[in-house]
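Me: I have a structure here and want to talk it through. Can you take my questions as they come?

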Amino acid sequence: MRQLNVLGLPVHIHKNYRDWLAQRLQSHQGTHVVTINAEMTMQARKNQDLANVIKQADLVVPDGSGIVLYLRSQGEKIDRCPGIELSEQVVQIAAENQWQIFLIGGAPKVVETVVSGWRQKWADIKISGMYDGYFDDAIAQQICEHLQSSQPNLILVGLGVPRQELWIQQYRHLCPNAVWIGVGGSFDIWSGNKTRAPEWFGKNNLEWLYRLYQEPWRWKRMLSLPHFVWCVTKESLLKPKKHKNAAT
Ligand code: UDP
(Lines give C-alpha, C1' and ligand atoms only; values in the text may rest on other atoms or scores of the structure.)
Protein backbone atom coordinates (compact mmCIF):
# COMPACT_ATOMS: atom_id res chain seq x y z
CA MET A 1 0.00 0.00 0.00
CA ARG A 2 1.41 3.37 -1.04
CA GLN A 3 0.36 6.59 0.63
CA LEU A 4 0.08 9.77 -1.43
CA ASN A 5 -0.91 13.21 -0.26
CA VAL A 6 -3.61 15.60 -1.48
CA LEU A 7 -3.68 18.97 0.29
CA GLY A 8 -2.29 17.38 3.45
CA LEU A 9 -4.68 14.41 3.43
CA PRO A 10 -3.65 10.80 2.78
CA VAL A 11 -4.78 8.79 -0.25
CA HIS A 12 -3.86 5.11 -0.29
CA ILE A 13 -2.92 3.41 -3.52
CA HIS A 14 -3.32 -0.33 -3.87
CA LYS A 15 -3.68 -2.54 -6.92
CA ASN A 16 -6.63 -4.42 -5.49
CA TYR A 17 -8.65 -2.69 -2.78
CA ARG A 18 -11.29 -5.41 -2.92
CA ASP A 19 -8.89 -8.20 -2.01
CA TRP A 20 -7.24 -6.05 0.64
CA LEU A 21 -10.61 -5.48 2.32
CA ALA A 22 -11.60 -9.15 1.93
CA GLN A 23 -8.45 -9.99 3.86
CA ARG A 24 -9.30 -7.47 6.58
CA LEU A 25 -12.80 -8.95 6.89
CA GLN A 26 -11.45 -12.48 6.99
CA SER A 27 -8.96 -11.67 9.72
CA HIS A 28 -11.38 -9.49 11.74
CA GLN A 29 -9.11 -6.48 11.56
CA GLY A 30 -11.04 -3.35 12.41
CA THR A 31 -10.92 -0.97 9.46
CA HIS A 32 -12.33 2.45 8.65
CA VAL A 33 -12.65 3.13 4.92
CA VAL A 34 -13.00 6.70 3.63
CA THR A 35 -13.79 7.29 -0.03
CA ILE A 36 -12.35 10.69 -0.73
CA ASN A 37 -13.27 13.25 -3.38
CA ALA A 38 -12.55 16.92 -4.01
CA GLU A 39 -15.63 18.08 -2.11
CA MET A 40 -14.64 16.15 1.00
CA THR A 41 -11.09 17.46 0.75
CA MET A 42 -12.37 21.03 0.73
CA GLN A 43 -14.70 20.33 3.67
CA ALA A 44 -11.74 18.94 5.61
CA ARG A 45 -9.86 22.23 5.11
CA LYS A 46 -12.57 23.97 7.13
CA ASN A 47 -13.37 21.10 9.49
CA GLN A 48 -10.38 19.97 11.52
CA ASP A 49 -12.32 17.07 13.06
CA LEU A 50 -13.06 15.69 9.61
CA ALA A 51 -9.42 16.17 8.56
CA ASN A 52 -8.27 14.23 11.65
CA VAL A 53 -10.65 11.34 10.95
CA ILE A 54 -9.41 11.08 7.35
CA LYS A 55 -5.81 11.10 8.58
CA GLN A 56 -6.57 8.27 11.01
CA ALA A 57 -8.60 6.11 8.59
CA ASP A 58 -7.08 2.75 7.70
CA LEU A 59 -7.94 3.08 4.02
CA VAL A 60 -8.59 6.26 2.02
CA VAL A 61 -9.51 5.40 -1.57
CA PRO A 62 -9.41 7.86 -4.48
CA ASP A 63 -13.14 8.03 -5.22
CA GLY A 64 -13.34 11.35 -7.06
CA SER A 65 -12.05 12.35 -10.49
CA GLY A 66 -10.61 15.59 -9.13
CA ILE A 67 -8.33 13.68 -6.75
CA VAL A 68 -7.20 11.30 -9.50
CA LEU A 69 -6.60 14.03 -12.09
CA TYR A 70 -4.53 15.99 -9.58
CA LEU A 71 -2.41 12.96 -8.61
CA ARG A 72 -1.91 12.08 -12.28
CA SER A 73 -0.75 15.64 -12.92
CA GLN A 74 1.91 14.92 -10.29
CA GLY A 75 3.14 11.94 -12.30
CA GLU A 76 1.31 9.22 -10.35
CA LYS A 77 -0.14 6.48 -12.55
CA ILE A 78 -3.30 5.79 -10.62
CA ASP A 79 -6.91 4.94 -11.34
CA ARG A 80 -10.14 5.97 -9.73
CA CYS A 81 -11.78 3.60 -7.29
CA PRO A 82 -15.45 4.62 -7.05
CA GLY A 83 -16.51 4.01 -3.46
CA ILE A 84 -19.92 2.70 -4.47
CA GLU A 85 -18.35 -0.02 -6.65
CA LEU A 86 -15.86 -1.03 -3.97
CA SER A 87 -18.64 -1.19 -1.36
CA GLU A 88 -20.73 -3.35 -3.69
CA GLN A 89 -17.82 -5.76 -4.14
CA VAL A 90 -17.29 -5.96 -0.40
CA VAL A 91 -21.02 -6.59 0.18
CA GLN A 92 -20.83 -9.44 -2.32
CA ILE A 93 -17.87 -11.00 -0.50
CA ALA A 94 -19.67 -10.64 2.85
CA ALA A 95 -22.86 -12.12 1.39
CA GLU A 96 -21.07 -15.10 -0.13
CA ASN A 97 -19.26 -15.81 3.14
CA GLN A 98 -22.39 -15.24 5.20
CA TRP A 99 -20.69 -12.51 7.17
CA GLN A 100 -22.99 -10.16 9.04
CA ILE A 101 -23.80 -6.78 7.45
CA PHE A 102 -25.27 -3.75 9.27
CA LEU A 103 -26.70 -0.72 7.42
CA ILE A 104 -27.26 2.79 8.79
CA GLY A 105 -28.44 5.76 6.75
CA GLY A 106 -30.69 7.07 4.01
CA ALA A 107 -34.28 8.22 4.14
CA PRO A 108 -36.89 6.00 5.83
CA LYS A 109 -37.53 2.73 3.92
CA VAL A 110 -34.49 3.13 1.67
CA VAL A 111 -32.30 0.56 3.46
CA GLU A 112 -35.24 -1.89 3.53
CA THR A 113 -35.47 -1.65 -0.29
CA VAL A 114 -31.71 -2.11 -0.58
CA VAL A 115 -31.79 -5.21 1.62
CA SER A 116 -34.73 -6.79 -0.21
CA GLY A 117 -32.83 -6.34 -3.50
CA TRP A 118 -29.74 -7.98 -1.96
CA ARG A 119 -31.86 -10.87 -0.60
CA GLN A 120 -33.01 -11.62 -4.14
CA LYS A 121 -29.41 -11.67 -5.33
CA TRP A 122 -27.93 -13.55 -2.40
CA ALA A 123 -30.56 -15.62 -0.60
CA ASP A 124 -28.20 -16.41 2.30
CA ILE A 125 -27.06 -12.83 2.96
CA LYS A 126 -26.88 -12.07 6.68
CA ILE A 127 -28.20 -8.67 7.77
CA SER A 128 -27.81 -8.01 11.47
CA GLY A 129 -29.37 -4.56 11.51
CA MET A 130 -30.71 -1.73 9.37
CA TYR A 131 -31.70 1.78 10.36
CA ASP A 132 -32.53 4.89 8.35
CA GLY A 133 -30.37 7.94 8.88
CA TYR A 134 -32.94 10.23 10.47
CA PHE A 135 -32.88 9.03 14.06
CA ASP A 136 -33.31 10.72 17.43
CA ASP A 137 -31.16 10.17 20.52
CA ALA A 138 -33.26 7.22 21.72
CA ILE A 139 -32.85 5.38 18.40
CA ALA A 140 -29.15 6.31 18.33
CA GLN A 141 -28.81 4.57 21.67
CA GLN A 142 -30.68 1.56 20.28
CA ILE A 143 -28.38 1.46 17.23
CA CYS A 144 -25.31 1.49 19.48
CA GLU A 145 -26.64 -1.33 21.66
CA HIS A 146 -27.59 -3.34 18.58
CA LEU A 147 -24.12 -2.84 17.08
CA GLN A 148 -22.46 -3.92 20.29
CA SER A 149 -24.60 -7.00 20.82
CA SER A 150 -24.54 -8.22 17.20
CA GLN A 151 -20.87 -7.50 16.35
CA PRO A 152 -21.41 -7.36 12.57
CA ASN A 153 -18.45 -7.90 10.23
CA LEU A 154 -19.31 -5.12 7.77
CA ILE A 155 -20.97 -1.82 8.71
CA LEU A 156 -22.13 0.58 5.97
CA VAL A 157 -22.86 4.12 7.13
CA GLY A 158 -24.61 6.46 4.68
CA LEU A 159 -25.24 9.66 6.61
CA GLY A 160 -23.49 12.05 4.20
CA VAL A 161 -20.16 13.79 4.67
CA PRO A 162 -18.91 14.70 7.28
CA ARG A 163 -21.52 13.16 9.60
CA GLN A 164 -20.80 9.56 8.57
CA GLU A 165 -17.03 9.91 9.03
CA LEU A 166 -17.44 11.53 12.45
CA TRP A 167 -20.06 8.96 13.41
CA ILE A 168 -17.78 6.06 12.51
CA GLN A 169 -14.91 7.63 14.45
CA GLN A 170 -17.13 8.07 17.50
CA TYR A 171 -18.60 4.56 17.53
CA ARG A 172 -16.08 2.25 15.93
CA HIS A 173 -14.93 1.11 19.37
CA LEU A 174 -18.31 -0.65 19.70
CA CYS A 175 -17.31 -3.09 16.95
CA PRO A 176 -13.52 -2.94 16.94
CA ASN A 177 -13.14 -5.92 14.59
CA ALA A 178 -15.53 -4.71 11.87
CA VAL A 179 -14.91 -3.08 8.50
CA TRP A 180 -16.73 0.29 8.53
CA ILE A 181 -17.36 2.15 5.26
CA GLY A 182 -18.82 5.64 4.84
CA VAL A 183 -20.99 5.09 1.75
CA GLY A 184 -22.53 8.58 1.23
CA GLY A 185 -25.58 8.39 -1.01
CA SER A 186 -24.97 4.77 -2.14
CA PHE A 187 -28.15 3.48 -0.49
CA ASP A 188 -30.15 5.85 -2.73
CA ILE A 189 -28.55 4.31 -5.81
CA TRP A 190 -28.78 0.69 -4.63
CA SER A 191 -32.46 1.19 -3.77
CA GLY A 192 -33.15 2.56 -7.25
CA ASN A 193 -34.31 5.95 -5.90
CA LYS A 194 -31.48 7.65 -7.78
CA THR A 195 -29.39 6.59 -10.74
CA ARG A 196 -25.67 6.73 -11.27
CA ALA A 197 -24.28 8.72 -14.16
CA PRO A 198 -24.04 6.72 -17.41
CA GLU A 199 -20.56 5.28 -17.99
CA TRP A 200 -19.65 7.97 -20.50
CA PHE A 201 -19.81 10.67 -17.79
CA GLY A 202 -17.56 8.65 -15.49
CA LYS A 203 -15.04 7.95 -18.25
CA ASN A 204 -14.82 11.65 -19.04
CA ASN A 205 -14.58 12.72 -15.41
CA LEU A 206 -17.98 14.38 -15.61
CA GLU A 207 -19.91 12.39 -13.03
CA TRP A 208 -20.30 15.62 -11.05
CA LEU A 209 -22.14 17.20 -14.01
CA TYR A 210 -24.69 14.39 -14.10
CA ARG A 211 -25.13 14.72 -10.36
CA LEU A 212 -25.75 18.44 -10.73
CA TYR A 213 -28.40 17.72 -13.37
CA GLN A 214 -30.06 15.15 -11.08
CA GLU A 215 -29.73 17.20 -7.88
CA PRO A 216 -29.50 20.87 -8.98
CA TRP A 217 -29.75 22.05 -5.36
CA ARG A 218 -26.20 20.76 -4.90
CA TRP A 219 -24.78 23.65 -6.98
CA LYS A 220 -23.56 25.54 -3.91
CA ARG A 221 -21.72 22.51 -2.54
CA MET A 222 -20.21 21.93 -5.95
CA LEU A 223 -18.49 25.31 -5.92
CA SER A 224 -15.93 23.42 -3.87
CA LEU A 225 -14.75 21.75 -7.12
CA PRO A 226 -13.27 24.89 -8.75
CA HIS A 227 -11.98 25.85 -5.30
CA PHE A 228 -10.20 22.47 -5.11
CA VAL A 229 -8.64 23.03 -8.55
CA TRP A 230 -7.45 26.46 -7.40
CA CYS A 231 -5.93 25.07 -4.17
CA VAL A 232 -4.09 22.16 -5.80
CA THR A 233 -2.81 24.39 -8.62
CA LYS A 234 -1.50 26.87 -6.06
CA GLU A 235 0.10 24.07 -4.08
CA SER A 236 1.78 22.51 -7.14
CA LEU A 237 3.18 25.90 -8.17
CA LEU A 238 4.64 26.41 -4.70
CA LYS A 239 5.98 22.87 -4.35
CA PRO A 240 9.63 22.37 -5.29
CA LYS A 241 9.79 20.37 -8.54
CA LYS A 242 11.05 16.77 -8.36
CA HIS A 243 13.90 16.21 -10.81
CA LYS A 244 13.56 12.91 -12.61
CA ASN A 245 17.27 12.14 -12.46
CA ALA A 246 17.92 13.51 -9.04
CA ALA A 247 19.69 11.14 -6.66
CA THR A 248 17.34 9.92 -3.92
N1 UDP B 1 -28.61 11.24 5.17
C2 UDP B 1 -29.01 10.59 6.31
N3 UDP B 1 -29.20 11.32 7.45
C4 UDP B 1 -28.98 12.66 7.48
C5 UDP B 1 -28.56 13.32 6.31
C6 UDP B 1 -28.36 12.57 5.17
O7 UDP B 1 -29.18 9.37 6.31
O8 UDP B 1 -29.18 13.27 8.54
C9 UDP B 1 -28.41 10.44 3.98
C10 UDP B 1 -29.23 10.89 2.79
O11 UDP B 1 -30.51 10.30 2.84
C12 UDP B 1 -28.38 10.35 1.65
C13 UDP B 1 -26.96 10.41 2.22
O14 UDP B 1 -27.08 10.57 3.60
O15 UDP B 1 -28.71 9.01 1.40
C16 UDP B 1 -26.13 11.59 1.74
O17 UDP B 1 -26.01 11.49 0.43
P18 UDP B 1 -25.10 12.45 -0.39
O19 UDP B 1 -25.24 12.00 -1.78
O20 UDP B 1 -25.38 13.88 -0.07
O21 UDP B 1 -23.69 12.01 0.16
P22 UDP B 1 -22.35 12.81 0.26
O23 UDP B 1 -22.20 13.59 -1.01
O24 UDP B 1 -22.49 13.66 1.47
O25 UDP B 1 -21.38 11.70 0.41
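Predicted model: local features only at pLDDT ≥ 70, side-chain atom pairs only at ≥ 80, totals over all residues.

Me: Fine. What is the bridge partner of Ile104 in β6?

Reply: Ile104 has Tyr131 as its bridge partner there. Strand β5, residues 100–105, runs parallel to β6 and is joined to it by 5 bridges.

Me: What packs on the sheet there, touching β5 and β6?

Reply: Helix α6, residues 110–121, does, and its direction makes about 165° with that of β6. Helix α7, residues 137–150, also lies across β5 and β6, running at about 165° to β6.

Me: Back up to the whole sheet. What is the strand order?

Reply: The order is β4-β3-β8-β7-β5-β6, an open sheet of 6 strands with parallel pairing. At the edges are β4 (59–62) and β6 (126–131), each of which pairs on one side only. On average, neighbouring strands are turned by 15° against each other, direction ignored.

Me: Which way do the residues of β3 point?

Reply: Thr31, Val33 and Thr35 point one way, while His32, Val34 and Ile36 point the other way. In a regular strand, side chains alternate between the two faces of the sheet.

Me: How many bridges does β3 make with β8 and with β4?

Reply: There are 3 to β8, residues 179–182, which runs parallel to β3. With β4, the parallel pairing covers 4 bridges. As examples, Thr31 has Val179 of β8 as its bridge partner, and Val33 has Leu59 of β4.

Me: What about the loop between α1 and β3?

Reply: His28 is found in that loop, between α1 (17–26) and β3. His28 is partly exposed because it has 14 other C-beta atoms within 10 Å, and a residue needs 20 or more to be buried. The C-alpha atoms of His28 and Asn153 are separated by 7.4 Å, although these residues are 125 apart along the chain.

Me: New topic. Which residues of the largest nonpolar core touch the most other members?

Reply: Ile36, Ile54, Leu154 and Val157 do, out of 55 residues in that core. Helix α5, residues 83–96, gives the most to this core, with 5 residues.

Me: What is Val157 in contact with?

Reply: Leaving aside neighbours within four places in sequence, Val157 is in contact with Ile104, Gly105, Gln164, Trp167, Ile168, Trp180, Gly182 and Val183.

Me: Helices now. At what angle do α2 and α13 pack?

Reply: At about 75°, with the axes 9 Å apart; α2 is residues 38–46 and α13 is residues 224–238. The two helices are therefore roughly perpendicular to each other.

Me: Which residues make the contact?

Reply: From α2, Ala38, Glu39, Thr41 and Met42; from α13, Ser224, Leu225, His227 and Phe228. By class, that is 4 nonpolar, 3 polar and 1 charged residues.

Me: Last one. Which residues of α4 are buried?

Reply: In α4, residues 65–73, the buried ones are Ser65, Gly66, Ile67, Val68 and Tyr70. Just after α4, Gly75 takes a positive phi of about 90°.

How values were computed: Residues numbered from 1 in each chain as written. Pairing = 2+ DSSP bridges. Axes fitted to C-alpha atoms, helices over the stretch in contact; angles between N-to-C directions. Contact = placed C-beta atoms within 7 Å. Parallel < 35°, antiparallel > 145°, perpendicular 65-115°, else oblique. Nonpolar A, V, L, I, M, F, W, Y, C, P; charged D, E, K, R; others polar. Core = buried A, V, L, I, M, F, W, Y, C linked by C-beta atoms within 7 Å. Buried ≥ 20, exposed ≤ 12 C-beta atoms within 10 Å, placed from the backbone.
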